[in-house]
Amino acid sequence: MVDLNINGEIRSYDVPDDMPLLWVLRDVAGLVGTKFGCGIAQCGACTVHVDGRPARSCVMSVSAVGNRQIRTIEAIGRDPVGQGVQKAWVDLDVVQCGYCQSGQIMSAVALLNVKREPSDADIDAAMAGNVCRCGTYPRIRAAIKTASKV
Ligand code: FES
Ligand code: FES
């Protein structure tokens with residue numbers, strides 16, 4: 001049994017200690033907004049927040065999470081920064097196929113939580129690990145800038 005704090009709710013999960021967090025989120029907790037892409041921490045599709053910082057849930061075992069707070073895309077609209085990012089994403093029509101976008105949004109919100117007015121270099125550094133096969137990078141950058149002004 002592993003206790004996890006996911007989106008503010010602490011629950012016990014009957015899973016092996018070494019199960020990746022992504023598997024628990026998607027297959028056990030039913031939180032399928034977080035995506036599986038590469039499985040080796042190279043694409044960012046599985047990004048969640050662990051104590052507010054972006055983390056690749058495909059390579060983080062549940063035992064490594066401990067009692068830290070996990071936030072997933074399902075709860076990202078619960079605070080003003082997350083709401084601003086969601087609105088900017090919609091207003092600028094960022095999404096193409098959508099597969100990478102929950103990870104992109106998690107990284108964007110984590111950036112804006114520590115830096116309200118990021119430079120292009122800050123955005124490049126924060127978003128470097130999030131790959132988009134559809135090439136939505138210019139719209140992602142524009143949406144982060146828009147969200148930073150709210
Ligand atoms: S699925 Fe985790 S980084 Fe690609
Ligand atoms: S929107 Fe298709 S992979 Fe990013």
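Visitor: Hi! What should I know before I look?

Guide: The model is predicted, so local features need pLDDT of at least 70 and side-chain atom pairs count only at pLDDT 80 or more, while totals for chains, interfaces and linings use all residues. Residues are numbered from 1 along each chain as its sequence is written, chains are lettered from A and ligands numbered from 1 in the order in which they are written, and side-chain values use heavy atoms, leaving out hydrogens and water.

Visitor: Okay, in what order do the strands of the sheet come?

Guide: The order is S2-S1-S5-S3-S4, in an open sheet of five strands with mixed pairing. Helices (H or I, at least four residues) and strands (E, at least two) are DSSP runs, numbered from the N terminus. Two strands pair if DSSP finds at least two bridges between them.

Visitor: Which strands stand at the edges?

Guide: Strand S2 (9-13) and S4 do; each has a single partner strand, so one side of each is left without a neighbour in the sheet. On average, neighbouring strands are turned by 40 degrees against each other, direction ignored. For angles, axes are lines fitted to C-alpha atoms (for helices over the stretch in contact), and values run from 0 to 180 degrees between N-to-C directions.

Visitor: How do S1 and S2 run, parallel or antiparallel?

Guide: They run antiparallel, joined by five bridges. Asn5 stands opposite Ile10 in S2. The two strands form a hairpin with two residues between them, and Asn7 in the turn has a positive phi of about 50 degrees.

Visitor: And what about S1 and S5?

Guide: Strand S1 (residues 2-6) and strand S5 (residues 69-71) pair in the parallel sense, over two bridges. Here Ile6 stands opposite Ile70 in S5.

Visitor: Which strands does helix H1 lie across?

Guide: Helix H1 (residues 21-28) lies across S1, S2, strand S3 (47-50) and S5, at about 75 degrees to S1. H4 packs on the sheet too, touching S3, S4 and S5, and its direction makes about 35 degrees with that of S3. Contact here means heavy atoms within 4.5 Å.

Visitor: Switching topic: how many residues are in the largest nonpolar core?

Guide: That core has 19 residues, and Val85, Trp89, Ile105 and Ile144 have the most contacts inside it. Helix H3 (80-91), helix H4 (101-114), helix H5 (120-127) and H6 each give two or more residues to the core. H4 gives the most, with six residues. A nonpolar core is a set of buried Ala, Val, Leu, Ile, Met, Phe, Trp, Tyr and Cys residues joined through side-chain atoms within 4.5 Å. Buried means under 20% relative accessible area, exposed over 50%, and partly exposed in between (1.4 Å probe, protein chains only).

Visitor: What does Ile144 touch?

Guide: Leaving out residues up to four places away in sequence, Ile144 touches residues including Trp89, Ala108, Leu111 and Met127. Another core, of 16 residues, lies apart from the largest one, and Val2, Leu4, Leu21 and Ala55 are among its members.

Visitor: Now charges! How many salt bridges are there?

Guide: The count comes to six. A salt bridge is a side-chain nitrogen of Lys or Arg within 4 Å of a carboxyl oxygen of Asp or Glu.

Visitor: Which residues are linked in a network?

Guide: Asp120, Asp124, Arg141 and Lys145 are linked by salt bridges. The closest N and O atoms of Asp120 and Arg141 are 3.5 Å apart. For Asp120 and Lys145 that distance is 2.7 Å, and this pair joins helix H5 to helix H6 across 25 residues. For Arg141 and Asp124 the distance is 2.4 Å.

Visitor: Is Asp124 buried or partly exposed?

Guide: Asp124 counts as partly exposed because its relative accessible area is 41%.

Visitor: Last one: where is Ser57?

Guide: Ser57 lies in the loop between strand S4 (53-56) and helix H2 (62-65). Ser57 counts as buried because its relative accessibility is 0%. A polar atom of its side chain lies 2.7 Å from the backbone oxygen of Cys46.

Visitor: And Ser148, in which helix does that lie?

Guide: Ser148 lies in helix H6 (residues 137-148). Ser148 is buried, with a relative accessible area of 12%. Its contacts, not counting residues up to four places away in sequence, are Leu112, Arg116, Glu117 and Pro118.

Methods. Polar contact = N/O pair within 3.5 Å; in protein donor to acceptor, adjacent residues only side chain to side chain.
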